[in-house]
Amino acid sequence: MSATLIRGGRVITATDDYLADVLLQDGIVHAIARDMAVGPDVKVVDASGLYVLPGGVDTHVHLENVIGPTITCDTFASGTKAAAFGGTTTVVDFALQTAADSPLEAIARAQRSAEPQVCIDYSLHCIVTRVDAQVLADVKHAMRHEGVTSFKMFMAYPGVMMADDAAIFQMLRQVGADGGMVALHAENGTVIDLLIKEALAAGHTAPRYHAMTRPALMEGEATHRGIRLAELAEAPIYFVHVSSNQALKHIVAARDEGIPVFAETCPHYLLFDDSVYSSDDFEIAKYVMTPPLRTTDDQNHLWRALRYDDLQVIATDHCPFCMKEGHLGYQLQKMRGKDDFSLIPNGAPGIETRLVSLYDIGVMQGRLSLNRFVQLTSTTPAKLFGLFPKKGTIAIGSDADVVLFNPNATQTIHAEHLHSQCDYTLLEGRTLQGRVEKVFLRGELIVDGAEWKGREGMGQFVRRGEVRAF
(Lines give C-alpha, C1' and ligand atoms only; values in the text may rest on other atoms or scores of the structure.)
Protein backbone atom coordinates (compact mmCIF):
# COMPACT_ATOMS: atom_id res chain seq x y z
CA MET A 1 0.00 0.00 0.00
CA SER A 2 1.41 3.41 -0.95
CA ALA A 3 1.98 6.02 1.74
CA THR A 4 0.09 9.33 1.90
CA LEU A 5 1.11 12.52 3.65
CA ILE A 6 -1.71 14.84 4.67
CA ARG A 7 0.05 18.18 4.64
CA GLY A 8 -0.73 21.20 6.80
CA GLY A 9 -4.20 20.42 8.05
CA ARG A 10 -5.72 21.29 11.40
CA VAL A 11 -5.79 18.04 13.34
CA ILE A 12 -8.79 17.79 15.67
CA THR A 13 -9.18 14.94 18.15
CA ALA A 14 -11.24 14.65 21.32
CA THR A 15 -8.46 16.42 23.23
CA ASP A 16 -6.14 18.09 20.69
CA ASP A 17 -6.25 20.89 18.15
CA TYR A 18 -3.06 21.67 16.21
CA LEU A 19 -1.54 22.16 12.76
CA ALA A 20 0.53 19.22 11.57
CA ASP A 21 1.39 16.78 8.80
CA VAL A 22 0.01 13.26 9.19
CA LEU A 23 1.71 10.32 7.46
CA LEU A 24 -0.52 7.37 6.60
CA GLN A 25 1.46 4.20 5.91
CA ASP A 26 0.81 0.45 6.12
CA GLY A 27 -2.81 1.10 7.09
CA ILE A 28 -1.99 3.08 10.23
CA VAL A 29 -1.05 6.58 11.30
CA HIS A 30 2.71 6.24 10.96
CA ALA A 31 3.91 9.70 12.03
CA ILE A 32 2.65 13.15 13.02
CA ALA A 33 5.00 16.14 12.75
CA ARG A 34 5.41 19.68 11.46
CA ASP A 35 6.93 20.21 7.99
CA MET A 36 7.61 16.52 7.47
CA ALA A 37 10.03 15.63 4.67
CA VAL A 38 9.03 12.66 2.52
CA GLY A 39 10.34 10.96 -0.57
CA PRO A 40 8.85 11.05 -4.07
CA ASP A 41 7.07 7.74 -3.50
CA VAL A 42 4.75 9.35 -0.92
CA LYS A 43 1.58 10.96 -2.20
CA VAL A 44 1.07 14.41 -0.70
CA VAL A 45 -2.42 15.78 -0.08
CA ASP A 46 -2.70 19.50 0.69
CA ALA A 47 -5.03 19.93 3.66
CA SER A 48 -4.54 23.66 4.13
CA GLY A 49 -7.68 25.20 5.55
CA LEU A 50 -9.23 21.78 6.28
CA TYR A 51 -9.92 19.92 9.50
CA VAL A 52 -8.20 16.54 9.79
CA LEU A 53 -10.64 14.41 11.80
CA PRO A 54 -10.62 10.77 12.89
CA GLY A 55 -13.10 8.72 10.88
CA GLY A 56 -16.57 8.74 12.38
CA VAL A 57 -17.71 5.75 14.41
CA ASP A 58 -21.47 5.12 14.19
CA THR A 59 -22.47 2.49 16.72
CA HIS A 60 -26.16 2.27 15.83
CA VAL A 61 -27.11 1.39 12.25
CA HIS A 62 -29.58 -1.03 10.68
CA LEU A 63 -28.47 -2.40 7.31
CA GLU A 64 -30.40 -5.32 5.81
CA ASN A 65 -32.20 -5.67 9.13
CA VAL A 66 -35.39 -7.73 8.86
CA ILE A 67 -38.19 -6.02 10.76
CA GLY A 68 -41.49 -7.87 10.69
CA PRO A 69 -42.42 -8.66 7.07
CA THR A 70 -40.00 -6.16 5.55
CA ILE A 71 -36.33 -5.18 5.55
CA THR A 72 -34.42 -1.92 5.81
CA CYS A 73 -33.80 -0.57 2.33
CA ASP A 74 -30.02 -0.13 2.58
CA THR A 75 -27.79 -3.08 1.90
CA PHE A 76 -24.42 -3.43 3.59
CA ALA A 77 -22.97 -2.09 0.33
CA SER A 78 -25.20 0.98 -0.11
CA GLY A 79 -25.33 1.82 3.58
CA THR A 80 -21.59 1.68 4.18
CA LYS A 81 -20.90 3.64 1.00
CA ALA A 82 -23.31 6.32 2.23
CA ALA A 83 -21.59 6.27 5.61
CA ALA A 84 -18.22 6.81 3.95
CA PHE A 85 -19.45 9.84 1.99
CA GLY A 86 -20.63 11.22 5.33
CA GLY A 87 -17.24 10.80 6.98
CA THR A 88 -17.97 7.59 8.90
CA THR A 89 -15.38 4.83 8.54
CA THR A 90 -16.68 2.31 11.11
CA VAL A 91 -20.22 1.17 11.84
CA VAL A 92 -21.64 -1.26 14.37
CA ASP A 93 -24.73 -3.04 13.07
CA PHE A 94 -26.93 -5.74 14.61
CA ALA A 95 -27.14 -9.51 14.49
CA LEU A 96 -30.65 -10.58 15.50
CA GLN A 97 -31.12 -13.78 17.47
CA THR A 98 -34.39 -15.27 16.21
CA ALA A 99 -36.64 -17.70 18.05
CA ALA A 100 -35.01 -20.53 16.12
CA ASP A 101 -31.31 -19.84 16.60
CA SER A 102 -28.55 -18.80 18.96
CA PRO A 103 -26.49 -15.62 19.30
CA LEU A 104 -23.56 -17.35 17.59
CA GLU A 105 -25.71 -18.34 14.61
CA ALA A 106 -27.07 -14.79 14.40
CA ILE A 107 -23.55 -13.34 14.35
CA ALA A 108 -22.39 -15.79 11.66
CA ARG A 109 -25.46 -15.05 9.53
CA ALA A 110 -24.90 -11.29 9.68
CA GLN A 111 -21.21 -11.70 8.82
CA ARG A 112 -22.01 -13.86 5.80
CA SER A 113 -24.26 -11.13 4.46
CA ALA A 114 -21.91 -8.27 5.28
CA GLU A 115 -18.48 -9.59 4.28
CA PRO A 116 -18.80 -9.45 0.46
CA GLN A 117 -20.41 -6.01 0.56
CA VAL A 118 -19.06 -3.71 3.27
CA CYS A 119 -17.17 -0.67 2.02
CA ILE A 120 -15.91 0.42 5.44
CA ASP A 121 -14.97 -1.41 8.63
CA TYR A 122 -17.77 -2.83 10.75
CA SER A 123 -18.68 -4.79 13.83
CA LEU A 124 -21.88 -6.18 15.31
CA HIS A 125 -23.98 -5.92 18.42
CA CYS A 126 -25.98 -9.09 18.99
CA ILE A 127 -29.68 -8.62 19.75
CA VAL A 128 -30.65 -11.16 22.41
CA THR A 129 -34.36 -11.92 22.55
CA ARG A 130 -34.29 -15.11 24.63
CA VAL A 131 -32.09 -15.99 27.60
CA ASP A 132 -31.35 -19.47 28.90
CA ALA A 133 -28.25 -21.38 29.98
CA GLN A 134 -27.19 -22.11 26.39
CA VAL A 135 -27.68 -18.50 25.30
CA LEU A 136 -25.55 -17.29 28.20
CA ALA A 137 -22.85 -19.80 27.22
CA ASP A 138 -23.00 -18.58 23.62
CA VAL A 139 -22.73 -14.96 24.77
CA LYS A 140 -19.61 -15.78 26.76
CA HIS A 141 -18.14 -17.54 23.71
CA ALA A 142 -18.98 -14.58 21.46
CA MET A 143 -17.18 -12.22 23.80
CA ARG A 144 -14.08 -14.38 24.18
CA HIS A 145 -13.71 -15.75 20.68
CA GLU A 146 -15.80 -13.76 18.17
CA GLY A 147 -14.92 -10.20 19.16
CA VAL A 148 -18.57 -9.33 19.86
CA THR A 149 -18.70 -7.67 23.28
CA SER A 150 -22.00 -5.79 23.25
CA PHE A 151 -25.56 -7.08 23.28
CA LYS A 152 -28.79 -5.22 22.69
CA MET A 153 -32.04 -6.00 24.47
CA PHE A 154 -35.52 -4.55 24.13
CA MET A 155 -38.00 -3.49 26.80
CA ALA A 156 -40.44 -2.75 23.94
CA TYR A 157 -42.21 -4.72 21.18
CA PRO A 158 -43.88 -7.49 23.23
CA GLY A 159 -44.14 -10.82 21.49
CA VAL A 160 -41.48 -9.81 18.98
CA MET A 161 -38.23 -8.71 20.64
CA MET A 162 -39.12 -7.73 24.20
CA ALA A 163 -37.20 -9.41 27.00
CA ASP A 164 -38.46 -9.51 30.57
CA ASP A 165 -36.61 -7.91 33.46
CA ALA A 166 -35.12 -11.18 34.70
CA ALA A 167 -33.60 -11.91 31.30
CA ILE A 168 -32.15 -8.39 31.09
CA PHE A 169 -30.73 -8.75 34.60
CA GLN A 170 -29.07 -12.07 33.75
CA MET A 171 -27.45 -10.59 30.68
CA LEU A 172 -26.31 -7.47 32.53
CA ARG A 173 -24.71 -9.54 35.27
CA GLN A 174 -22.79 -11.84 32.95
CA VAL A 175 -21.82 -9.40 30.20
CA GLY A 176 -20.78 -6.74 32.70
CA ALA A 177 -18.61 -9.18 34.64
CA ASP A 178 -16.83 -10.15 31.42
CA GLY A 179 -16.07 -6.53 30.46
CA GLY A 180 -18.80 -5.98 27.89
CA MET A 181 -21.88 -3.80 27.57
CA VAL A 182 -25.62 -4.36 27.35
CA ALA A 183 -27.39 -1.73 25.23
CA LEU A 184 -31.03 -1.25 26.12
CA HIS A 185 -34.02 0.02 24.16
CA ALA A 186 -36.00 1.52 27.01
CA GLU A 187 -39.76 1.91 26.59
CA ASN A 188 -42.54 0.26 28.56
CA GLY A 189 -43.62 -2.11 25.81
CA THR A 190 -46.76 -3.59 27.35
CA VAL A 191 -48.31 -0.23 28.26
CA ILE A 192 -47.46 1.21 24.84
CA ASP A 193 -49.00 -1.86 23.19
CA LEU A 194 -52.22 -1.19 25.12
CA LEU A 195 -52.23 2.49 24.13
CA ILE A 196 -51.79 1.52 20.47
CA LYS A 197 -54.71 -0.92 20.61
CA GLU A 198 -56.92 1.70 22.27
CA ALA A 199 -56.03 4.33 19.65
CA LEU A 200 -56.83 2.01 16.77
CA ALA A 201 -60.11 0.95 18.40
CA ALA A 202 -61.06 4.63 18.56
CA GLY A 203 -60.40 4.99 14.82
CA HIS A 204 -57.11 6.84 15.16
CA THR A 205 -55.05 5.43 12.29
CA ALA A 206 -52.92 8.37 11.04
CA PRO A 207 -49.13 8.33 11.49
CA ARG A 208 -49.19 11.06 14.14
CA TYR A 209 -50.75 8.60 16.58
CA HIS A 210 -47.44 6.75 16.61
CA ALA A 211 -46.07 9.62 18.69
CA MET A 212 -49.19 9.97 20.82
CA THR A 213 -49.06 6.31 21.87
CA ARG A 214 -45.38 6.31 22.83
CA PRO A 215 -45.30 8.95 25.58
CA ALA A 216 -42.02 10.18 27.02
CA LEU A 217 -43.18 9.08 30.47
CA MET A 218 -42.96 5.45 29.36
CA GLU A 219 -39.44 5.99 28.05
CA GLY A 220 -38.56 7.47 31.42
CA GLU A 221 -40.11 4.63 33.41
CA ALA A 222 -38.26 1.97 31.44
CA THR A 223 -34.97 3.88 31.66
CA HIS A 224 -35.28 4.08 35.45
CA ARG A 225 -36.08 0.37 35.62
CA GLY A 226 -33.11 -0.52 33.41
CA ILE A 227 -30.77 1.56 35.58
CA ARG A 228 -31.89 -0.24 38.73
CA LEU A 229 -31.39 -3.63 37.07
CA ALA A 230 -27.87 -2.59 36.10
CA GLU A 231 -27.21 -1.30 39.61
CA LEU A 232 -28.26 -4.65 41.09
CA ALA A 233 -26.15 -6.50 38.51
CA GLU A 234 -23.16 -4.21 39.25
CA ALA A 235 -22.76 -3.75 35.50
CA PRO A 236 -22.48 -0.85 33.07
CA ILE A 237 -25.46 -0.12 30.87
CA TYR A 238 -25.95 1.86 27.65
CA PHE A 239 -29.25 3.40 26.57
CA VAL A 240 -29.86 3.77 22.85
CA HIS A 241 -31.67 6.69 21.17
CA VAL A 242 -32.51 8.76 24.25
CA SER A 243 -35.12 11.30 23.15
CA SER A 244 -36.65 12.88 26.24
CA ASN A 245 -35.89 14.55 29.53
CA GLN A 246 -38.12 11.94 31.17
CA ALA A 247 -35.39 9.40 30.37
CA LEU A 248 -32.48 11.77 30.70
CA LYS A 249 -33.23 12.86 34.26
CA HIS A 250 -32.85 9.26 35.47
CA ILE A 251 -29.57 8.89 33.59
CA VAL A 252 -28.22 12.11 35.11
CA ALA A 253 -29.27 11.08 38.63
CA ALA A 254 -27.69 7.64 38.25
CA ARG A 255 -24.41 9.06 36.97
CA ASP A 256 -24.38 11.46 39.91
CA GLU A 257 -24.66 8.39 42.15
CA GLY A 258 -21.61 6.89 40.45
CA ILE A 259 -23.50 4.21 38.52
CA PRO A 260 -21.81 3.47 35.16
CA VAL A 261 -24.68 4.56 32.91
CA PHE A 262 -24.00 5.68 29.34
CA ALA A 263 -26.33 6.86 26.61
CA GLU A 264 -26.66 8.14 23.08
CA THR A 265 -29.00 10.44 21.30
CA CYS A 266 -29.49 10.83 17.55
CA PRO A 267 -29.34 13.80 15.16
CA HIS A 268 -33.07 13.70 14.41
CA TYR A 269 -33.92 14.41 18.06
CA LEU A 270 -31.73 17.51 17.85
CA LEU A 271 -32.91 18.66 14.42
CA PHE A 272 -36.69 18.18 14.68
CA ASP A 273 -39.43 18.34 17.30
CA ASP A 274 -42.94 17.00 17.75
CA SER A 275 -44.48 19.88 15.80
CA VAL A 276 -44.08 17.68 12.71
CA TYR A 277 -46.94 15.50 14.01
CA SER A 278 -49.49 18.29 13.59
CA SER A 279 -51.70 16.79 10.86
CA ASP A 280 -53.13 13.53 9.59
CA ASP A 281 -51.04 13.71 6.40
CA PHE A 282 -49.35 10.39 5.58
CA GLU A 283 -46.12 12.27 4.79
CA ILE A 284 -45.65 12.30 8.56
CA ALA A 285 -44.70 8.62 8.20
CA LYS A 286 -41.21 9.95 7.39
CA TYR A 287 -40.96 10.90 11.05
CA VAL A 288 -42.24 7.61 12.43
CA MET A 289 -39.24 6.40 14.38
CA THR A 290 -38.93 4.97 17.88
CA PRO A 291 -38.92 6.79 20.19
CA PRO A 292 -40.81 9.54 18.36
CA LEU A 293 -39.66 13.14 18.18
CA ARG A 294 -40.19 15.10 21.39
CA THR A 295 -40.70 18.72 22.45
CA THR A 296 -38.34 21.66 22.08
CA ASP A 297 -37.89 21.55 25.86
CA ASP A 298 -36.64 17.97 25.52
CA GLN A 299 -34.24 19.16 22.82
CA ASN A 300 -32.82 21.78 25.17
CA HIS A 301 -32.21 19.13 27.81
CA LEU A 302 -30.48 16.89 25.25
CA TRP A 303 -28.13 19.71 24.25
CA ARG A 304 -27.33 20.42 27.88
CA ALA A 305 -26.59 16.75 28.49
CA LEU A 306 -24.32 16.59 25.45
CA ARG A 307 -22.40 19.61 26.69
CA TYR A 308 -21.89 18.21 30.19
CA ASP A 309 -21.29 14.55 29.26
CA ASP A 310 -24.53 13.11 30.59
CA LEU A 311 -24.95 11.91 26.99
CA GLN A 312 -21.73 10.53 25.54
CA VAL A 313 -22.53 9.50 21.96
CA ILE A 314 -24.43 10.76 18.92
CA ALA A 315 -25.30 7.80 16.69
CA THR A 316 -27.71 7.78 13.77
CA ASP A 317 -30.06 4.83 14.39
CA HIS A 318 -30.07 4.74 10.57
CA CYS A 319 -33.09 2.54 9.94
CA PRO A 320 -34.32 3.41 6.44
CA PHE A 321 -37.62 2.48 4.82
CA CYS A 322 -38.88 3.97 1.55
CA MET A 323 -41.93 6.19 1.33
CA LYS A 324 -42.73 5.06 -2.21
CA GLU A 325 -43.85 1.45 -2.24
CA GLY A 326 -41.79 -0.66 -4.64
CA HIS A 327 -38.85 1.78 -4.79
CA LEU A 328 -35.87 -0.32 -5.95
CA GLY A 329 -38.08 -3.35 -5.48
CA TYR A 330 -38.63 -2.89 -1.74
CA GLN A 331 -42.09 -3.87 -0.56
CA LEU A 332 -44.07 -3.35 2.66
CA GLN A 333 -42.17 -0.19 3.48
CA LYS A 334 -43.74 2.96 4.99
CA MET A 335 -46.91 2.61 2.87
CA ARG A 336 -47.70 -0.63 4.69
CA GLY A 337 -49.19 1.52 7.43
CA LYS A 338 -51.33 3.71 5.16
CA ASP A 339 -54.48 2.73 7.08
CA ASP A 340 -52.91 1.69 10.38
CA PHE A 341 -50.06 3.66 11.96
CA SER A 342 -48.95 0.63 13.97
CA LEU A 343 -47.91 -1.11 10.73
CA ILE A 344 -45.55 1.68 9.60
CA PRO A 345 -41.98 0.36 9.90
CA ASN A 346 -40.26 2.48 12.55
CA GLY A 347 -37.13 4.29 11.45
CA ALA A 348 -35.56 7.01 9.34
CA PRO A 349 -32.37 7.47 7.29
CA GLY A 350 -29.40 9.55 8.43
CA ILE A 351 -26.14 7.65 8.02
CA GLU A 352 -24.63 10.11 5.51
CA THR A 353 -25.62 13.40 7.12
CA ARG A 354 -24.56 12.86 10.75
CA LEU A 355 -21.26 14.76 10.75
CA VAL A 356 -22.30 17.71 8.61
CA SER A 357 -25.65 18.22 10.36
CA LEU A 358 -24.02 18.13 13.80
CA TYR A 359 -21.26 20.46 12.67
CA ASP A 360 -23.91 22.88 11.40
CA ILE A 361 -26.30 22.82 14.36
CA GLY A 362 -23.73 22.00 17.02
CA VAL A 363 -20.34 23.56 16.33
CA MET A 364 -21.45 26.48 14.17
CA GLN A 365 -24.16 27.47 16.63
CA GLY A 366 -21.83 27.30 19.61
CA ARG A 367 -23.42 24.28 21.26
CA LEU A 368 -20.39 21.99 20.82
CA SER A 369 -16.67 22.62 20.68
CA LEU A 370 -14.71 20.96 17.89
CA ASN A 371 -13.14 18.58 20.41
CA ARG A 372 -16.53 17.64 21.81
CA PHE A 373 -17.87 17.14 18.28
CA VAL A 374 -15.13 14.56 17.62
CA GLN A 375 -15.58 13.00 21.04
CA LEU A 376 -19.32 12.42 20.49
CA THR A 377 -19.11 11.11 16.92
CA SER A 378 -15.89 9.10 17.01
CA THR A 379 -13.81 8.77 20.17
CA THR A 380 -16.30 7.90 22.89
CA PRO A 381 -18.31 5.42 20.80
CA ALA A 382 -15.00 3.72 19.99
CA LYS A 383 -14.09 3.60 23.68
CA LEU A 384 -17.48 2.42 24.91
CA PHE A 385 -17.62 -0.44 22.45
CA GLY A 386 -14.06 -1.73 22.57
CA LEU A 387 -12.72 -0.17 19.36
CA PHE A 388 -10.31 2.38 20.85
CA PRO A 389 -7.47 3.21 20.12
CA LYS A 390 -7.61 1.27 16.87
CA LYS A 391 -10.53 3.50 15.93
CA GLY A 392 -11.72 6.87 17.16
CA THR A 393 -8.60 8.99 17.17
CA ILE A 394 -5.64 10.25 15.16
CA ALA A 395 -2.60 8.88 16.97
CA ILE A 396 0.52 7.01 15.98
CA GLY A 397 -0.41 3.36 15.58
CA SER A 398 -4.14 3.93 15.22
CA ASP A 399 -5.88 2.87 12.02
CA ALA A 400 -5.40 5.48 9.30
CA ASP A 401 -9.11 6.32 9.16
CA VAL A 402 -9.03 10.02 8.40
CA VAL A 403 -11.56 12.59 7.20
CA LEU A 404 -10.65 15.90 5.58
CA PHE A 405 -13.48 18.27 6.42
CA ASN A 406 -14.03 21.71 4.91
CA PRO A 407 -15.53 23.97 7.60
CA ASN A 408 -16.20 26.85 5.21
CA ALA A 409 -18.10 25.06 2.45
CA THR A 410 -21.88 24.84 2.39
CA GLN A 411 -24.13 22.21 0.83
CA THR A 412 -27.84 21.81 0.24
CA ILE A 413 -29.10 18.34 1.06
CA HIS A 414 -31.22 16.42 -1.45
CA ALA A 415 -32.07 12.72 -1.30
CA GLU A 416 -31.19 12.29 -4.97
CA HIS A 417 -27.59 13.34 -4.25
CA LEU A 418 -27.11 11.01 -1.28
CA HIS A 419 -25.89 7.43 -1.54
CA SER A 420 -28.49 5.66 0.58
CA GLN A 421 -31.14 3.65 -1.27
CA CYS A 422 -33.83 5.38 0.78
CA ASP A 423 -36.02 7.65 -1.34
CA TYR A 424 -36.10 10.54 1.12
CA THR A 425 -34.04 12.44 3.67
CA LEU A 426 -35.41 14.34 6.65
CA LEU A 427 -33.06 17.16 5.65
CA GLU A 428 -34.43 17.68 2.12
CA GLY A 429 -33.60 21.18 0.87
CA ARG A 430 -31.74 22.21 4.00
CA THR A 431 -28.46 24.11 3.53
CA LEU A 432 -25.74 23.09 5.97
CA GLN A 433 -22.32 24.49 6.79
CA GLY A 434 -19.40 22.08 6.32
CA ARG A 435 -18.53 19.35 3.84
CA VAL A 436 -16.57 16.12 3.79
CA GLU A 437 -13.86 16.48 1.14
CA LYS A 438 -11.81 13.27 1.40
CA VAL A 439 -12.05 10.06 3.40
CA PHE A 440 -9.30 7.53 4.01
CA LEU A 441 -9.97 4.00 5.28
CA ARG A 442 -6.84 2.41 6.73
CA GLY A 443 -4.83 4.82 4.60
CA GLU A 444 -6.67 4.17 1.33
CA LEU A 445 -8.55 7.06 -0.27
CA ILE A 446 -12.17 5.97 -0.64
CA VAL A 447 -14.00 9.31 -1.03
CA ASP A 448 -12.54 12.15 -3.09
CA GLY A 449 -15.08 14.95 -3.29
CA ALA A 450 -18.04 13.53 -5.19
CA GLU A 451 -15.97 10.62 -6.55
CA TRP A 452 -16.21 7.12 -5.07
CA LYS A 453 -12.86 5.34 -4.98
CA GLY A 454 -13.74 2.58 -2.57
CA ARG A 455 -15.06 -0.87 -3.39
CA GLU A 456 -17.45 -3.39 -1.99
CA GLY A 457 -15.83 -5.96 0.29
CA MET A 458 -12.89 -3.78 1.30
CA GLY A 459 -14.29 -3.27 4.79
CA GLN A 460 -13.08 -5.54 7.57
CA PHE A 461 -14.83 -7.03 10.58
CA VAL A 462 -13.31 -5.45 13.67
CA ARG A 463 -13.05 -7.70 16.71
CA ARG A 464 -13.79 -5.63 19.78
CA GLY A 465 -12.42 -5.67 23.29
CA GLU A 466 -13.64 -4.47 26.67
CA VAL A 467 -15.41 -1.23 27.55
CA ARG A 468 -12.81 1.48 28.05
CA ALA A 469 -14.76 4.60 28.95
CA PHE A 470 -14.44 4.41 32.74
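The largest pocket in this predicted model has a volume of about 1,200 Å³. Its lining is made up of 49 residues. The second largest pocket has a volume of about 350 Å³, and 17 residues line that pocket. The protein chain holds 12 helices and 19 strands.

**Largest pocket**

- Val66, Ile67, Gly68, Val160 and Met161 are the lining residues that lie nearest the centre of the largest pocket.
- Several elements give two or more residues each to this lining: the strands β7 (66-67), β9 (88-96) and β11 (150-154), and the helices α2 (103-114) and α5 (189-201).
- Sorted by class, the lining of the largest pocket has 24 nonpolar, 18 polar and seven charged residues.

**Second largest pocket**

- The lining residues closest to the centre of the second largest pocket are Phe85, Glu352, Gln411, Leu418 and Arg435.
- Two or more residues of this lining come from each of the strands β16 (402-412) and β17 (431-441).
- The most is given by β17, which supplies three residues to the lining of the second largest pocket.
- Six residues in this lining are nonpolar, eight are polar and three are charged.

**Nonpolar cores**

- In soluble globular proteins, nonpolar side chains tend to be buried together.
- In this model, the largest nonpolar core contains 120 residues.
- Within the largest core, the residues with the most contacts are Val128, Phe151, Met153, Met171, Leu172 and Phe239.
- Leaving aside residues up to four places away in sequence, Val128 touches Gln97, Val135, Val139, Phe151, Lys152, Met153 and Met171.

**Overall fold**

- Of the 470 residues in the protein chain, 61% are buried.
- Taking contacts between residues at least 6 apart in sequence, 76% join residues that are at least 24 apart.
- The C-alpha trace spans about 70 × 45 × 40 Å along its principal axes.

How values were computed: Residues are numbered from 1 along each chain as its sequence is written. This is a predicted model: local features need pLDDT of at least 70, side-chain atom pairs count only at pLDDT 80 or more; totals for chains, interfaces and linings use all residues. Side-chain values use heavy atoms; hydrogens and water are left out. On a 1 Å grid over the protein atoms alone, a cavity is a set of points where a 1.4 Å probe fits but cannot get out, and a pocket is an open set with protein on both sides within 12 Å along at least five of seven lines; lining residues have an atom within 4 Å of a point. Grid points are joined across faces, edges and corners, and a volume is the space filled by probe spheres set on the points. Helices (H or I, at least four residues) and strands (E, at least two) are DSSP runs, numbered from the N terminus. Ala, Val, Leu, Ile, Met, Phe, Trp, Tyr, Cys and Pro count as nonpolar, Asp, Glu, Lys and Arg as charged, and the others, Gly among them, as polar. A nonpolar core is a set of buried Ala, Val, Leu, Ile, Met, Phe, Trp, Tyr and Cys residues joined through side-chain atoms within 4.5 Å. Buried means under 20% relative accessible area, exposed over 50%, partly exposed in between (1.4 Å probe, protein chains only). Contact means heavy atoms within 4.5 Å.
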